[in-house]
Amino acid sequence: MNFSDIFKSSFLDNITEFSVLDTVIGLGFALVLGLFIFLVYKKTFSGVMYSTGFALTLPGLSLVTTLVIMAVTSNVVLSLGMVGALSIVRFRTAIKEPMEIVFLFWSLAVGIVIGAGMIPLAVIGSVIIGIILIIFANRKISSNPYILVTSCQNEKTEESVLASLDKAVEKYVIKSKTVNRDSIELTVELCMKDSKTDFVNNICKISGVDNAVLVSYNGEYMS
């Protein structure tokens, strides 16, 4: 094989079997929709620590997926090799919020659909998904769940604490009760009428209450 035979190889012939215009259009739409997903994620984020790195991953994931699908759909042999290569990839990054999974799959879906040439489906689907997520993210929760942990000296103090909760909160449920020789510990799930937490101070003022701790409740209480 001489130098001229290299340029006659089938490998280099396959390089020309793609449209530059289609590639640019596909990556352009992937970038626009990826930025749209980024903005929706930023708008609907409700956590404490906002991750800029994860947010920037969303448009990047759309672009990379679009490029991969374009390559796969243009060559059957390449698609089989791509499946084998991607099957050995393992991702170790932990997902902090369940909603992050939705945005990851959304970015992947956009890349797959655009790479397959169904750009209108990607645009219409992304607009509908974005509107739904924004509507549900901005929906106000009527009551915020909390957990109140109190330490009482005797049964009389316990009754006084529960009577105070009857007046101060919207509703409450006793999740656990630990009785020791010299104290009673109550764990109560409650929903407050508003954002005021003055009732915790009043409970601490009850004679026989050693301490009272109010924490936010995310629904993962283990009884």
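Which side chain does Lys 177 meet in a salt bridge? The partner is Glu 158, with 3.1 Å from N to O; a salt bridge here is a side-chain nitrogen of Lys or Arg within 4 Å of a carboxyl oxygen of Asp or Glu. Lys 177 sits in strand β2 and Glu 158 in helix α8, so the contact ties together parts that are 19 residues apart in sequence. Before going on, a word on the basis: this is a predicted model, in which local features need pLDDT of at least 70 and side-chain atom pairs count only at pLDDT 80 or more, while totals for chains, interfaces and linings use all residues. Residues are numbered from 1 along each chain as its sequence is written, and side-chain values use heavy atoms, with hydrogens and water left out.

Back to the charged pairs. Side chains of opposite charge can pair when their charged atoms come close. The count comes to two salt bridges. Besides Lys 177 with Glu 158, there is Lys 175 with Glu 189, at 3.5 Å from N to O. Here Lys 175 belongs to strand β2 and Glu 189 to strand β3, so this pair ties together parts 14 residues apart in sequence. Buried means under 20% relative accessible area, exposed over 50%, and partly exposed in between, using a 1.4 Å probe and protein chains only.

Four strands make up an open, antiparallel sheet, in the order β2-β3-β1-β4; strands (E, at least two residues) and helices (H or I, at least four) are DSSP runs numbered from the N terminus, and two strands pair if DSSP finds at least two bridges between them. At the edges stand β2 (169-179) and β4 (209-216), each with a single partner strand, so one side of each has no neighbour in the sheet. Neighbouring strands are turned by 20° against each other on average, direction ignored. Seven bridges join β1 (residues 145-152) to β4, and Val 149 stands opposite Val 213 in β4. Helix α8 (residues 155-168) packs on the sheet, touching β1, β2, β3 (184-192) and β4, and its direction makes about 160° with that of β2. Contact means heavy atoms within 4.5 Å; axes are lines fitted to C-alpha atoms, for helices over the stretch in contact, with angles from 0 to 180 degrees between N-to-C directions.

What about the aromatic rings? The whole structure holds five aromatic pairs, counted when ring centres of Phe, Tyr and Trp (its six-membered ring) lie within 6.5 Å; planes under 30 degrees apart are stacked, over 60 edge-to-face, and the rest tilted. One of them, Phe 36 with Trp 106, is edge-to-face, at 6.1 Å centre to centre and 85° between the planes. This pair links distant parts of the chain, 70 residues apart: Phe 36 in helix α3 (residues 20-44) and Trp 106 in helix α6 (residues 98-115). Phe 36 is partly exposed at 28%, but Trp 106 is buried at 4%. Both belong to one aromatic cluster that also takes in Tyr 41, Phe 45, Phe 54 and Phe 103.

Helix α3 also holds Gly 28, which is partly exposed at 30%. The C-alpha atoms of Gly 28 and Leu 63 are separated by 8.6 Å, although the two residues are 35 apart along the chain.
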